[in-house]
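Please keep the model open while you read.

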Amino acid sequence: MLFDPKPKERREDLFDRDEELRRLRLGLSYPVTLLLGIRRSGKSSLIKVLMNEEKDVIWVYLDLRKYEGHAYLTYRHLLGEFERALNSWQESLRRLLQGIRGVSISGPGFEVRLGWGKSKVELGDLFDRLSDIGEREGRKVVIVFDEAQELRKLKGFNILYPLAYAYDNLRLNFVFTGSQIGMVYRFLRLRDPGSPLFGRAMFEVRINPFTREQAVEFLRAGFREVSLSVSEGILEDAYNELGGVPGWLTYYGLNYMQLNDHGEAIRRTLEYAVQLIRQEFENFLRGREEARERYYAIMSLCRFGCRWSDVKRMLMAKEGYEVDDKKVTELLQNLMDASFLIKENDLYKPSDPLIARAF
Ligand code: ADP
Ligand code: MG
């Protein structure tokens, strides 16, 4: 069902996205693919549909979104995610993990445990084996880090080294998705000569919010699927109120189905969106507490677009003294890297129109 609020897994539940899906599939022949798009644009859905279609690939899917509210993430958390992913493999494949230092496979169900502490699993060893398994089975092995910008919060462990090792030496493919687009680049440090991944080429797939036409057609198709007839005027109005982010349109469609009331479905969607966006903004502010007021003031100023000079002037007027130019640029850059703002020509504005309502 198109209005199912979970990430889609079946092609028939995914509206459009033929081109993005084709490019993502193409990406599987590159060592690393970046799948980038703002929150709720449909990245997880796209990757899950591809996972379902490419059954011959051995998938290792790590969902890092749950760490968005965490101040940091440890190697142990990361191993926990790998453990979960490997346990979703079929038994015959899991058995091939036997013999890696720190890995135990036990019980009637051959449950994989990745050891911690003294006999901890080294990611490099695990990557070596995954690559061997792929070769031996004659299948591609693809490791997906969904919401990869969370990996930059890893404490005491630099995952870029094993990634660079795999990039250069192994037959593994990686997909990094990211909602906070600039943060993904910051994490990978591709342009930093001191970074292990310096200069490595990556295949990039962008997923954008729906256009007006796509959004209206998505709603039309979703309502048709559940035999509801909804006027064109209502579909247009929904786009005018909500914009083209698939996640909000899905939530609206689901609410409309349940309430049969356009106005109320819009109201609930807006209320839900505002709550979620505020929560995500609070997550962004973690570790940035000293600039909290400034970030809120900028978001509020830039709701409908603002220039760099507007921001500088506003901060100075608010604080009553000179604010460093570099500081203004840095604050705006952080908001852009976290995909709360985007820059179009000289104008900074919310990446999603509903962000304007949250500030
Ligand atoms: P992301 O991973 O980019 O945050 P999700 O894949 O979780 O986005 O999608 C957000 C919501 O929108 C989910 O409810 C999902 O079902 C829905 N959705 C996203 N893209 C589509 C699409 N092309 N067709 C149908 N539903 C979609
Ligand atoms: Mg996702």
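H11 and helix H12 (residues 292-301) pack with their axes 11 Å apart, at an angle of about 140°. Axes here are lines fitted to C-alpha atoms, for helices over the stretch in contact, and angles run from 0 to 180 degrees between N-to-C directions. This is a predicted model, in which local features need pLDDT of at least 70, side-chain atom pairs count only at pLDDT 80 or more, and totals for chains, interfaces and linings use all residues. Residues are numbered from 1 along each chain as its sequence is written, and side-chain values use heavy atoms, leaving out hydrogens and water.

**H11 and H12**
- Helices (H or I, at least four residues) are DSSP runs, numbered from the N terminus.
- H11 and H12 are therefore oblique to each other; angles under 35 degrees count as roughly parallel, over 145 as roughly antiparallel, 65 to 115 as roughly perpendicular and the rest as oblique.
- H11 passes H12 in a right-handed crossing, meaning that the near helix is turned clockwise from the far one by less than a right angle.
- From H11, Phe281, Glu282, Phe284 and Leu285 meet Arg292, Tyr295, Tyr296 and Met299 of H12, where contact means heavy atoms within 4.5 Å.
- This contact of H11 with H12 has six nonpolar, no polar and two charged residues; Ala, Val, Leu, Ile, Met, Phe, Trp, Tyr, Cys and Pro count as nonpolar, Asp, Glu, Lys and Arg as charged, and the others, Gly among them, as polar.

**H9 and H11**
- The axes of H9 and helix H11 (residues 262-285) cross at roughly 20° and come within 11 Å.
- H9 and H11 are therefore roughly parallel to each other, and their crossing is right-handed.
- In H9, Ile234, Asp237, Ala238, Glu241 and Leu242 meet His262, Ile266, Thr269 and Leu270 in H11.
- By class, the contact of H9 with H11 has five nonpolar, two polar and two charged residues.

**H8 and H9**
- Helix H8 (residues 212-225) packs against helix H9 (residues 232-242) at about 125°, with axes 9 Å apart.
- H8 and H9 are therefore oblique to each other, with a right-handed crossing.
- Among the residues that meet are Leu219 and Phe223 in H8, and Leu235 and Tyr239 in H9.

**Domains**
- The protein is divided into domain 1 (17-206), domain 2 (212-280) and domain 3 (288-358), with bounds from an automatic or database domain assignment.
- The centres of domain 1 and domain 2, taken over C-alpha atoms, are 33 Å apart.
- Their contact takes six residues from domain 1 and seven residues from domain 2.
- About 540 Å² is buried between domain 1 and domain 2, and carbon and sulfur atoms give 51% of that area; buried area is the accessible area (1.4 Å probe) that two parts lose on being put together, summed over both.
- Arg17, Arg39 and Arg40 supply 76% of the area that domain 1 buries against domain 2, more than any other three residues.

How values were computed. Chains are lettered from A and ligands numbered from 1 in the order in which they are written. Helices (H or I, at least four residues) and strands (E, at least two) are DSSP runs, numbered from the N terminus.
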